[in-house]
Amino acid sequence: MRLSLIVNGMEHELDVRPTARLIDVLRLDLGLTGVKEGCSEGECGACTVIVDDKAVNSCLVLAGQMRGKKVLTVEGLADDDGLDTLQRMFIEHGAVQCGFCTPGMLMSAKALLLADPHPSEEAIRLALAGNLCRCTGYATIVAAVRAASEQPAEAAPPPPATGRDGKAV
Amino acid sequence: MTKDLLYVGLTYPVHDAWQKVTGELVYGSDIQLPGMLYAKLLLSPIPHGMVTSIDSSAAEALPGVVKVFSHLNSPADVYCRARLTPEQELCPRDETLFSEHVRFVGDRVAAVVATSQAIAEAAMTLIDVEYEELPALFTPEEAQRRDDLPLHPGGNVFFEHEEECGRSAESRDAVVVSSTTTTPRIHHAALEPHVCVVQPHSTGGLTIWSTSQGVYGARTVVADLLGLDYHRVRVIKAPMGGSFGGKTEYILEPVTAFMAQKTRRPVKLLLDREECMIATMVRPATASTIRTACSPQGQLEDMEVATVLDAGAYASSTSDYAVHMCQKITKLYRVPHYHHRSRAVYTNTPVAGAARGWGAPEIVTALEIHMDNVAGELGIDPVDLRLMNLRHPFEVDQVTGMSLGDARVRECLERGAAAFDWSTRRGRAPGSGRFRRGVGVACGAHKNGMFGKFAEASNMTLKMNEDGTFELGASLHDPGCGIVTVMKVIVAEVLGVSPDLVAAGEADTSSTPFDYGTFGSRVTYVVGACAKATAEKLKEEIVTAAADLLHEPRERLTVERGEVHVQDDGQRGVAFRDIARLSQMRHSPAITASVTYYATSNPASYSVQFAEVEVDCATGLTAVTDFLAVGDVGQAINRGMVHAQFQGAVQMGIGYALYEHMDVDEAGRSGVDGFKNYHVVNAPDMPDIHVLLVEHSGDDGPFGAKSVGEIATVPTAAAVINAVNHALGTSLSDLPATPERVLAALHLEEVEGG
């Protein structure tokens, strides 16, 4: 079936199976493999994307339901000016280990900050309740989201010169 | 040991954090190759029986299906998925690619290879298999009783191990305490499912993308099974979304390689969550009975331990696991006479094998619950009892005969007890209302590599580019905890340059030198020491080249922050980048160093952990409300990541103590098939984890560093259970302490306590 949807600001006209899930279209048709599949039943949150400003498990919705909606994946977080504040804070606070939960965590956190720019710690933890991580114990992730919520909206500071690893070669 | 360090001990992101936050990193499960086929496994729905017929005609008739595989068209050769080297011991070969004799719900019966995942899945349901069922054995107790029903030739008890040392000091007035602790079968729960991609070549060779913890072992198992020369099997470590031991062994590599070889097309085998849970590997369920005799004051005089491990349907690495469970207790405590028997038993349940801590969480949970029982019997504080018996630095572990090294477990306990305000909190009454609070402590020990067992070594090559940057050639396997970054920081520290100037990648059998892989708590201690030795050798090469350029004797040269200086002549020196560039056409085309580093020690790493819990006596639910983890890590290389290792390890240990288990029902089916019925601790459930590091740098690891990733989770569950028992006055020792078990224990306490 024909499907028109807007992903990361770009409009796509696709021909998809009626049973295709949103995650299938994102990963297979659009090559957006930052959308991760960890459980296929909406429990792990690795496939979280933002649909019209709300966090959605892309394994639980059919692509056909997204007709005309705006979908944001982790690939769409950074812009020409560089990484999103959340992405920078995830790096700086050591919130990334194996990284398989990271895209989903980022998108759940982004949806939270869109709705509530200055959430309490409890609100952060609740917003991430549907995103499982087996590496971190969540402490660094919660710290990263809190730090992002405390950053001024503009004038992002440059990363520290020392004590941080360089971009991978 | 100087603490004058430039880069070691600071905090760094994992090396590929940028690619991970942007979604750019291609994980194993993201790999797509031109012409690639997709495989779907058909798993046994019965726990034990014989496949009597397979009709795959309907599946094969489905458009897009390329081939259906089963025991009918695959080799019957047996192999061991856990084997790293051709001559390795304790690797019973009992598994085939596809089973005719199925031994658990989840055993591989057949596989469909098709042009899409959807077609493969649809075709799998069209395969008609008939089975002749056999009686199934679901517990080691049953399996040991039923000699008449061996799951494999040789019987159900396939491995026994015994350690005994010392002479009993049991006195006439000794206080004797016995207790039995059971630990559950659990799912590793790495977020990325198991996956393997194999590309066959017209030369007969294969390229395998493996999300395992050791590419050379994958090569050994696959090449031997398929009869290929080792140099024709190239295994590349693909980025992986966690392992925790669950991807240590070669579960998917052999079957995927076989299917790619036969179809002559690239094949991807990606499991779903249920398949990961039931058909890959689990942490073994164990039962340990400990009997101790100690003086009325609390001095241990004698210890007798018996452990039974449930290996599941295939041996995998459980034999070695059984050995290692006998090698932890004497790392922690002075025991005049120690006798430990362990046995591994086949059952018709999911295959058990490697899991973070390799037997230490299992036996330490039993030991530390037992130590609290002893403290209770004697009426002394659990911290005092432990201090009376814990090891001192540089004592010899009588089981392994090796020094424990700069063992600082006592300091961990003393500093932790002070930081946690243990005495005050332990002295508080737990309360008698609905919500009761308690605190618990536990100590744990683990190792640093495999020295003492075989030649523990690693080798690497480091080169300097003409612009003064560096590239480390090493077989690194990063499960996601930052191994690559650790190596970069170590090299940077030796050379006095920013870690940004050092590149390192992961393992590829065609281009990086032999290394066993990431397990045995060997990476920081052994592989890291190799990185340090290699960087030191390269530094010597740089000085040699600089001496030639500066026309000065080497003895007059010093290296500092990326430059070689002439001593006592502040003006004269040459930067690394100039050395590389200028010396290239004079005497050295490339400045490189290769080192094979042999470990000569295997000290213990320790962690002591303190938990506070609140138990709801109405529902039986336990909340961990505060937690302190103290680690004897020698020296943190990447400080933030060491803290994070403890935080994540405690999360895993809390799950082990309170929530996670995979029981099988009377039909042999696992009670779990996804995260909806398998509770991984989530963000709202996690307390703050305070981390305290004890850093004495007294051992042979790089800059004194010791292992952290495994030891960090070793004592967690016992600390939590001991806190629950303190809160309730119970003696729970069956994990996990689910609400049902907590309520049952409370009821028992009320009945018995009057």
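Author: Helices (H or I, at least four residues) and strands (E, at least two) are DSSP runs, numbered from the N terminus. This is a predicted model, in which local features need pLDDT of at least 70, side-chain atom pairs count only at pLDDT 80 or more, and totals for chains, interfaces and linings use all residues. Residues are numbered from 1 along each chain as its sequence is written, chains are lettered from A and ligands numbered from 1 in the order in which they are written, and side-chain values use heavy atoms, with hydrogens and water left out.

Reader: Where is Asn8(A) found?

Author: Asn8(A) is not a glycine, yet its phi is positive, about 50 degrees. Most residues other than glycine have a negative phi. Asn8(A) sits in the loop between β1 and β2 of chain A.

Reader: Which strands of chain A stand at the edges of the open sheet?

Author: The sheet has 5 strands in the order β2-β1-β5-β3-β4 (chain A), with mixed pairing. Two strands pair if DSSP finds at least two bridges between them. Each edge strand has a single partner, so one side is left without a neighbour in the sheet: these are β2 (10–15) and β4 (54–57) of chain A.

Reader: Within the chain A sheet, which residue in β5(A) is the bridge partner of Ile6(A)?

Author: Strand β1 (residues 2–7) and strand β5 (residues 70–72) of chain A pair in the parallel sense over 2 bridges. In β5(A), Ile6(A) is partnered by Lys70(A).

Reader: What angle does the direction of helix α1 of chain A make with that of β3(A)?

Author: Contact means heavy atoms within 4.5 Å. Axes are lines fitted to C-alpha atoms, for helices over the stretch in contact, and angles run from 0 to 180 degrees between N-to-C directions. Strand β1(A) pairs with β5(A) in the parallel sense. Helix α1 (residues 22–29) packs on the sheet and touches β1, β2, β3 (48–51) and β5 of chain A, and its direction makes with that of β3(A) an angle of about 105 degrees.

Reader: How is α2(A) placed relative to α3(A)?

Author: Helix α2 (residues 85–92) and helix α3 (residues 102–115) of chain A have axes 10 Å apart and pack at about 130 degrees. Angles under 35 degrees count as roughly parallel, over 145 as roughly antiparallel, 65 to 115 as roughly perpendicular and the rest as oblique. That angle makes α2(A) and α3(A) oblique.

Reader: How many charged residues has the contact of α2(A) with α3(A)?

Author: From α2(A) come Leu86(A), Gln87(A) and Phe90(A), and from α3(A) Thr102(A), Met105(A), Leu106(A), Ala109(A), Lys110(A) and Leu113(A). Ala, Val, Leu, Ile, Met, Phe, Trp, Tyr, Cys and Pro count as nonpolar, Asp, Glu, Lys and Arg as charged, and the others, Gly among them, as polar. The contact of α2(A) with α3(A) has 6 nonpolar and 2 polar residues, and its charged residues number 1.

Reader: How are α10(B) and α11(B) placed relative to each other?

Author: Helix α10 (residues 360–378) and helix α11 (residues 382–389) of chain B have axes 9 Å apart. They pack at an angle of about 110 degrees. Helices α10(B) and α11(B) are therefore roughly perpendicular.

Reader: How many charged residues has the contact of α10(B) with α11(B)?

Author: Glu368(B), Met371(B), Asp372(B), Val374(B), Ala375(B) and Leu378(B) of α10(B) meet Pro382(B), Leu385(B), Arg386(B) and Asn389(B) of α11(B). This contact has 6 nonpolar and 1 polar, while its charged residues number 3.

Reader: Which are the edge strands in the open sheet of 4 strands of chain B?

Author: The order is β20-β28-β29-β30 (chain B), and the pairing is mixed. Each edge strand pairs on one side only: β20 (435–446) and β30 of chain B.

Reader: Which residue in β28(B) is the bridge partner of Cys443(B)?

Author: Strand β20(B) and strand β28 (residues 605–616) of chain B run antiparallel, joined by 12 bridges. In β28(B), Cys443(B) is partnered by Val608(B).

Reader: In which loop is Pro736(B) found?

Author: The peptide bond from Leu735(B) to Pro736(B) is cis, with omega near -5 degrees. Most peptide bonds are trans. Pro736(B) lies in the loop between α18 and α19 (739–753) of chain B.
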